[in-house]
Amino acid sequence: MADHGEAVCRQVDDGVTRVFELLGKRWTGLIVATLMPAPVHFADLRRAIPGISERMLSDRLVELAAAGLLLREVDPGPPLRVSYRLTEAGLAMEPALKELGRWAETYLADGGQCPERFRK
């Protein structure tokens, strides 16, 4: 039998774990990316992310606010409108998200699959 000592068994980095626990949920990354340029009203967020339900959008926004990545602001009415904007912590993700986008253009551009030339 193979020896599975400490050197062989590695732990996933705690920071990476925390990032993916939050941003690895469906829709969360798209919400953050949509909010990156400027504050967005709830209805505009929903239109910007095809397929997301109002309930799911609301749930994800609550999670992001609880994590300190966005702020919910009530715009004076009438009509009463709610907008969301990223906090300093949320905006600080921009370089990482842009880099992930560049990575995807290179390595996932072929219909979401890594092209054969990179599978070596």
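This is a predicted model: local features need pLDDT of at least 70, side-chain atom pairs count only at pLDDT 80 or more; totals for chains, interfaces and linings use all residues.

Residues are numbered from 1 along each chain as its sequence is written, and side-chain values use heavy atoms, with hydrogens and water left out.

Q: What makes a set of residues a nonpolar core, and which residues have the most contacts inside the largest one?
A: A nonpolar core is a set of buried Ala, Val, Leu, Ile, Met, Phe, Trp, Tyr and Cys residues joined through side-chain atoms within 4.5 Å. The largest has 19 residues, and those with the most contacts inside it are Ile31, Leu35, Leu45, Leu61, Leu64, Leu70 and Tyr84. Two or more residues each come from helix H2 (28–35), helix H4 (54–66) and strand S3 (81–86); helices (H or I, at least four residues) and strands (E, at least two) are DSSP runs, numbered from the N terminus. In soluble globular proteins, nonpolar side chains tend to be buried together.

Q: Which residues does leucine 64 touch, not counting residues up to four places away in sequence?
A: With contact taken as heavy atoms within 4.5 Å, leucine 64 touches Leu22, Thr28, Ile31, Val32, Leu69 and Leu70.

Q: Why are H2 and H4 called roughly perpendicular?
A: Their axes, which are lines fitted to C-alpha atoms over the stretch in contact, with angles from 0 to 180 degrees between N-to-C directions, come within 10 Å and cross at roughly 75°. Angles under 35 degrees count as roughly parallel, over 145 as roughly antiparallel, 65 to 115 as roughly perpendicular and the rest as oblique; H2 and H4 are therefore roughly perpendicular. Thr28, Ile31 and Val32 of H2 meet Leu57, Arg60, Leu61 and Leu64 of H4 in this contact.

Q: How do you know that arginine 60 is buried?
A: Buried means under 20% relative accessible area, exposed over 50% and partly exposed in between (1.4 Å probe, protein chains only). Arginine 60 has 12%, so this residue is buried. Arginine 60 lies in helix H4 and, beyond four places in sequence, touches Lys25, Arg26, Thr28 and Ile31.

Q: What is remarked about phi of tryptophan 27, and is this residue buried or exposed?
A: Phi of tryptophan 27 is near 85°, a positive value in a residue other than glycine. Most residues other than glycine have a negative phi. Tryptophan 27 is placed in the loop between helix H1 (14–23) and H2, and its relative accessible area of 13% makes it buried.

Q: Why is the pair of tryptophan 103 and tyrosine 107 called tilted?
A: Rings of Phe, Tyr and Trp (its six-membered ring) pair if their centres lie within 6.5 Å; planes under 30 degrees apart count as stacked, over 60 as edge-to-face and the rest as tilted. The centres of tryptophan 103 and tyrosine 107 are 6.0 Å apart and the planes stand at 35°, so the pair is tilted. This is the one aromatic pair that the structure holds.

Q: What makes glutamate 73 partly exposed?
A: Its relative accessibility is 28%, so glutamate 73 counts as partly exposed. Glutamate 73 belongs to strand S2 (residues 70–75), and its C-alpha lies 7.9 Å from that of arginine 85, twelve residues apart in sequence.
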